[in-house]
Amino acid sequence: MTAERDGDGGVGEAGGERPVRWGVLATGGIAARFAGDVGSLPGAEVVAVASRGEASAKAFADRFDIPRAYGDWAGLVADPEVDVVYVATPHSAHRAAAGLALEAGKAVLCEKAFTLNSREARELVALARERDLFLMEAMWMYCSPVVRRTAELIADGAIGEVRTIQADFGLQGPFGPEHRLRDPALGGGALLDLGVYPVSFAQLILGEPDRVQADALLSPEGVDLNTGMLLGWESGATALLSCSVTAATPSTATVTGTAGRIELPSGFFAPDSFVLRRDGHDPEQHTVESPLEGMQHEAAEVMRCLRAGETQSPLVPLEACRGVLRSLHAVGDRVGVRYPVDEPS
């Protein structure tokens, strides 16, 4: 086994500076995970939370020992003690919530999928640039030391020229008609919740594809329940990807090149190791040591950027996020999934 040390392991430490103060906008499951992880991150403080209901905001604040709770978004973004807002609403509210925070002069970390379409993403990026503010999609996979090391090895030619990528992410379900994953108005379906991971992984390795093909099983409401995607590049490389809210798939990823392959285990979007296989060599299992875990990696990257005065992260570039959205939108077009806000972008 090969062990390596993540060079950015200390970016979350205050280093004599005051803590970076976080506001959490929304109180669902992903917000709870974030608050728990960031609450124990050196150099970070979660100081406020907001929901559309005062009771849920107060319950969340009590659960995570957060000093201030707001029953509306406006209160949070106006809080002078908040340095950066983490947006954890359903996809359909990302544009409004992140936009409100940027308008108020706050840096923003916005959950994935970044927005419902590329047009909304373009608007947020333009707003952030106009205000000279930091903006990042919460694609924690891109901040994972293991995924970063995987991408570095591939870029350095460790497996030769990339020929195929395979990745999947599926949940068993079932999700009833009342669930947000079945509601087109909330950006429901497998594609934006789960498909964003394999597509983002493929595009981390190969960039935006030149061709997109797809097929899907749709729900009566018109969202995708089970989707297969085939992406193609002019180099001849292909990516076979899938997402599902009807079946628990292995959720693994493999990148195969002309001289070997790299295999990421179940939960490839937040792995603790990977295996490098090359002809004529024994399999090599790699780990990357880091003092951080879970969603701390993305939060630490945001904090590093804020302290350095950067308005976007080199690990999660805004144009790369827009490219992923263009691919997701192309898949949606091909399988017949449209969200109420969609228009040509």
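This passage walks through a predicted model of a single chain, from its overall build to a few of its residues.

To start with the big picture, the chain folds into ten helices and 15 strands. Its radius of gyration is 20 Å, close to the 20 Å that the globule rule gives for 345 residues, so the chain is as compact as a globular protein of that length. The C-alpha trace spans about 60 × 50 × 35 Å along its principal axes. Of the 345 residues, 54% are buried. Among contacts with a separation of 6 or more, 68% are between residues 24 or more positions apart.

Next comes Asp-168, which sits in strand β8 (residues 162-170). Asp-168 is buried but has no salt bridge, and the nearest side chain of opposite charge, that of Arg-261, is 13 Å away. What the side chain of Asp-168 does have is a polar atom 2.5 Å from the backbone nitrogen of Ser-251. Ser-251 also turns up among the contacts of Asp-168 beyond four places in sequence, along with Pro-198, Ser-242, Thr-249, Pro-250, Thr-252 and Phe-268.

Ser-313 belongs to the loop between α9 (296-308) and α10 (318-335). Leaving out residues up to four places away in sequence, Ser-313 touches Phe-134, Met-136, Glu-301 and Cys-305.

Then there are the salt bridges, 24 by count. Glu-319 takes part in one with Arg-322, where the closest N and O atoms are 3.6 Å apart, and in another with Arg-326, where they are 2.7 Å apart. Glu-319 and Arg-322 are three residues apart in helix α10, so about one helical turn separates them. Glu-319 itself is partly exposed at 41% relative accessible area. Arg-322, at 15%, counts as buried, while Arg-326 is partly exposed at 28%.

Elsewhere, Glu-284 pairs with Arg-278 in a salt bridge whose closest N and O atoms are 2.8 Å apart. Arg-278 is partly exposed, with 27% relative accessibility. Finally, a network of salt bridges links Arg-18, Arg-21, Glu-81 and Asp-83.

Technical notes. Residues numbered from 1 in each chain as written. Predicted model: local features only at pLDDT ≥ 70, side-chain atom pairs only at ≥ 80, totals over all residues. Heavy atoms only, no water. Helix = DSSP H or I, 4+ residues; strand = E, 2+ residues; numbered from the N terminus. Buried < 20%, exposed > 50% of the residue type's maximum accessible area, 1.4 Å probe, protein only. Lys, Arg positive; Asp, Glu negative; His and termini not counted. Salt bridge = Lys/Arg side-chain N within 4 Å of Asp/Glu carboxyl O. Polar contact = N/O pair within 3.5 Å; in protein donor to acceptor, adjacent residues only side chain to side chain. Contact = heavy atoms within 4.5 Å. Rg over C-alpha atoms; globule rule 2.2 N^0.38 Å.
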